[in-house]
Structure formats: structure tokens, C-alpha cells
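Let us walk through this fold step by step.

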Amino acid sequence: MQDRDLHPVLSVKGLNVRFGRNSLAAVSNVSFDVGRERVGIVGESGSGKSTTGRAIMRLLPPIASVAAERMDLDGVSLLDRTERQMGALRGKDIALIMQDPRYSLNPVLTVGKQIAEAARLHMGLRGSKAKDAARAMLERVRISDPERVMALYPHQVSGGMGQRVMIAMMLLAKPKLVIADEPTSALDVSVRRDVLTLLDELVRENNSGLLLISHDIRMVAAFCERIIVMYSGRIVETLTRLEDAQHPYTRGLMAALPDPHKPVRRLAVLDRAKLDLETNR
Ligand SMILES: Nc1ncnc2c1ncn2[C@@H]1O[C@H](COP(=O)(O)OP(=O)(O)OP(=O)(O)O)[C@@H](O)[C@H]1O
């Protein structure tokens with residue numbers, strides 16, 4: 001066994017997040033591990049998925065109080081790192097891919113300059129070497145004319161192309177963990193699958209862990225080995241197959257996103273009062 005395989009890539013135990021002192025917990029006692037595998041977090045809007053991802057990245061606003069028994073990346077705690085140490089880690093060891101690439105990319109820098117800057121920062125490459133790495137990575141994300149795309153500004157690229165650029169930039173340094181937060185929700189339905197397939201391919205190639213955050217339980221099930229279901233800040237169940245879903249909330253999520261191959265007469269509605277009772281809120 002190699003050294004890098006000794007620990008899970010990410011190990012979270014007893015994570016709690018609150019926004020403001022008197023507010024309800026946004027994340028309550030959340031524990032899970034991610035190995036060199038694909039793990040999904042699903043749940044409706046407000047269930048705490050993004051807050052969990054951002055707590056791991058240590059990217060929550062100062063109003064948030066974060067406490068955990070453990071939050072380790074490759075066996076080393078993320079909790080006691082300084083902001084400077086976290087800054088060095090982000091993009092190099094942990095990458096975050098967000099919903100809309102147009103808001104994540106720097107609008108005043110060309111695509112080529114941004115990827116080359118990532119190569120300089122995270123791989124120590126300079127000048128033409130950084131530019132070559134940027135070009136090679138754009139080719140890797142199946143952009144057929146990288147030279148032309150490198151000269152474009154973010155507003156000049158389509159959503160699908162922008163997300164490929166984002167993936168190229170974020171995966172350049174082969175991070176240990178990739179957190180993808182609704183990476184395809186802002187994209188046209190026709191390109192969603194291609195973008196996810198590409199992300200999946202690169203994560204496997206780099207032997208990284210992937211935490212895929214989405215409200216779309218079927219999409220997550222198609223790409224992930226494990227599915228963590230969150231409701232109201234808590235994990236209600238973890239599945240390896242959708243068919244094993246026991247919790248009524250998980251079934252509700254499945255029914256809310258109907259299977260395109262099966263006709264539905266009525267859309268499902270969650271019975272929140274009953275769910276809150278069953279999840280002890
Ligand atoms: N910056 C913030 N200030 C105050 N409350 C916040 C903040 N960010 C999130 N919350 C609250 O934390 C809870 C969880 O939100 P979170 O965004 O993590 O849910 P989510 O499952 O990712 O939903 P979505 O899919 O809509 O992003 C919600 O009640 C939300 O209102």
C-alpha cells in the first residue's frame with residue numbers, strides 16, 4: 001500500500017455549522033469519509049450541502065461558527081491551519097468547482113492567463129512552461145482550439161466551455177480532493193452529461209477523491225459510489241444504490257425528480273411535519 005492510500009482523502013467527524021449565535025444549526029453533527037472515490041451529497045435547497053463543502057474549504061463568512069471533532073485532509077487537520085496555509089492548499093490540494101464558471105473566473109483576465117497563473121502558483125511553472133501546461137490542460141478537457149480559447153475573456157465563452165476551463169484550471173495540479181458544488185446546474189441540459197463525464201474521467205485519472213454536491217439524486221447516483229442524503233443539516237442516510245433508499249425524504253427526493261423513462265401523473269410533495277418528526281428536529 002502506498003503512503004497516500006493510508007488515510008481517507010477527507011475525514012469529517014461531528015461537523016457543526018451555525019450562522020449567528022441564536023440561529024438554527026445549518027449543519028448538525030455531520031460525519032463522513034471520502035477515499036479515492038466519488039461521493040455525492042444530495043438534498044433539497046437549504047439542507048446544508050454547500051455549507052458542508054465550504055466548511056471543508058474553510059470558505060464560510062466570519063458570521064459562521066464551525067466546530068468539528070475532526071476535519072482531516074489526507075490525515076492532516078484542516079481545522080487548525082492558518083488562513084495563509086489554507087490559501088496555499090486551495091487549488092493545489094483541494095479544488096472547488098462551483099455552479100457558474102462565469103462568476104468563478106476572473107472577468108478581467110484571459111482564460112490562458114488564468115490557467116497559466118494556476119500553473120505558476122500550484123506547480124511552480126513560469127513563462128512559456130506555464131503557458132504550455134495551460135494549453136495541454138485545455139486539450140485534455142477536449143477543447144479542440146486551445147490557442148483561440150486561451151485568448152478569450154470569461155464572458156466570451158459559453159457555459160459548457162467555461163466549465164471545461166474551470167475544470168482545466170482546478171484539476172491542473174492534480175488535487176487530492178475535488179469538491180464540485182452543483183457543477184452542471186447552470187449549464188444547458190445538452191452539455192451536462194459531457195461535463196460530468198469529463199470531471200469523472202480526470203478525477204479517476206488523478207486518483208483524487210470527488211465530493212459531488214447536487215440536488216439531483218439521479219445524476220449523483222449515476223456518477224458516485226456513495227450517496228450521502230442530507231435533510232435539514234443532518235445526514236439521514238448513506239446509500240450505495242438508489243434502490244436501497246429507506247428514508248421517506250430520500251424517496252421524496254427521488255419522486256421529485258421523476259425518472260424520464262417513467263410517466264408520472266402527479267408530482268410528489270414532501271410531508272415536512274412527518275419528516276421533521278422522523279429526523280428528530
Ligand atoms: N451566509 C449565510 N448566512 C446565513 N445563513 C446561511 C448562509 N449560508 C447558508 N445559510 C443557511 O444555512 C442553511 C444551509 O444552506 P446551504 O446553502 O448549505 O444549503 P444547500 O443544501 O447547499 O442549498 P442550495 O442547494 O440552495 O445551495 C440554510 O438554512 C441557509 O439559509
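Two strands count as paired if DSSP finds at least two bridges between them. Keep in mind that this is a predicted model.

Start with the sheet. Six strands build an open sheet with mixed pairing. Their order is β7-β8-β9-β3-β10-β11. β7 (94-97) and β11 (234-239) stand at the edges. Each has a single partner strand, so one side of each is left without a neighbour in the sheet. On average, neighbouring strands are turned by 20° against each other, direction ignored.

Now look inside the sheet. Strand β3 (residues 38-42) pairs with strand β10 (residues 226-231) in the parallel sense. Four bridges join the two. In one of them, I41 has I228 of β10 as its bridge partner.

Next comes a helix pair. Helix α4 (residues 111-123) packs against helix α5 (residues 127-140) at an angle of about 115°, and their axes are 8 Å apart. That angle makes α4 roughly perpendicular to α5. The crossing is right-handed. From α4, G112, I115, A116, A119, R120 and M123 take part in the contact. They meet A130, K131, A133, A134 and M137 in α5. By class, this contact has eight nonpolar, one polar and two charged residues.

Finally, turn to the ligand. Which residues are the closest to the ligand? They are F19, A26, S45, S50 and T51, among 13 residues that surround it. Helix α1 (residues 49-57) gives the most to this shell, with three residues. The shell divides into four nonpolar, eight polar and one charged.

How values were computed:
Residues numbered from 1 in each chain as written. Predicted model: local features only at pLDDT ≥ 70, side-chain atom pairs only at ≥ 80, totals over all residues. Near = placed C-beta within 6 Å. Nonpolar A, V, L, I, M, F, W, Y, C, P; charged D, E, K, R; others polar. Axes fitted to C-alpha atoms, helices over the stretch in contact; angles between N-to-C directions. Parallel < 35°, antiparallel > 145°, perpendicular 65-115°, else oblique. Left-handed = near helix turned anticlockwise from the far one by under 90°. Contact = placed C-beta atoms within 7 Å.
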